Amino acid sequence: VFPSLAQAQASVANEVYQELGQPSVFLFCPTEYCSSLCSPSPSQSCYLQTIGQELLPGISVIWTGPKVVSQELSAVLLEEVEGVLRRRPVIWDNLYANDYDCRRVFLGPYMGRAPGLMARLHGLLLNPNCELQANFVPIHTLGTWFRSELGGCAHPDHAGTQAAAALGDSQDAQDGSYSPQEALELALRDWVAEINQQALEPGR
């Protein structure tokens, strides 16, 4: 029925999206969801070009970065992806993911993401460690990074101002800088306090 996989996927996704009343959040994960899966590159991929052309503009597209698990995300790469998809991507960040290797648990701070990255994103999803308690530092430091991104916006919109207020004041948000080491220290301080609080609860 369809001349290509991309056209088939876009057609089905568009139909489902419209049938559901065009919801405000509708995510599409392409077959080529990172640079290493694209041939020869994201901007020259016939598959991604078709997805960008055919997919309705209200549908968000998931992207993991240069690789499935990307150590770094750059604004240059995201500009290329935005150009071919004709929309800012939603990053599905596998930095902490360990479902593919149960021996791996990442307890370090959120890092390797260029300053000012949020302006290039439609959203960001964090794929965590499978072990629930191991995600305190990842999620805490992601919050610190997010606050610094909001603080780095020269002209934050009303929604951004509200989000910053809801997250609370921090030096990171005020000066727009992000230090993974400082974020880690803040997270560990709060994690120890959380552990101590749980230890005092009856039955622990």
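The legends below describe close-up views of a predicted model.

**View 1. A nonpolar patch on the surface that includes Leu27.** Val25, Leu27, Trp92 and Leu125 make up this patch, and together these residues have about 350 Å² of accessible area.

**View 2. The salt bridge between Arg120 and Glu82.** The side chains of these two residues meet with an N to O distance of 3.7 Å. Arg120 lies in the loop between strand S3 (90-93) and strand S4 (123-126), whereas Glu82 sits in helix H3 (residues 75-85), so the pair ties together parts that are 38 residues apart in sequence. Arg120 is partly exposed at a relative accessible area of 29%, and Glu82 is likewise partly exposed, at 26%. Both residues also take part, with Glu79, in a network of salt bridges.

**View 3. The salt bridge between Arg103 and Asp101.** The closest N and O atoms of this pair are 3.2 Å apart. Arg103 counts as exposed, with a relative accessibility of 74%, while Asp101 is partly exposed, with a relative accessible area of 21%.

**View 4. The salt bridge between Arg189 and Asp190.** Here the side chains meet at 3.4 Å, taken from N to O.

Definitions and conventions:
Residues are numbered from 1 along each chain as its sequence is written. This is a predicted model: local features need pLDDT of at least 70, side-chain atom pairs count only at pLDDT 80 or more; totals for chains, interfaces and linings use all residues. Side-chain values use heavy atoms; hydrogens and water are left out. Patches are made of residues with over 30% relative accessible area and no salt bridge: like charges are joined within 9 Å, nonpolar side chains (Val, Leu, Ile, Met, Phe, Trp, Tyr) within 5 Å. Accessible areas come from the Shrake-Rupley method with a 1.4 Å probe; for residues, only the protein chains shown count as cover. A salt bridge is a side-chain nitrogen of Lys or Arg within 4 Å of a carboxyl oxygen of Asp or Glu. Helices (H or I, at least four residues) and strands (E, at least two) are DSSP runs, numbered from the N terminus. Buried means under 20% relative accessible area, exposed over 50%, partly exposed in between (1.4 Å probe, protein chains only).
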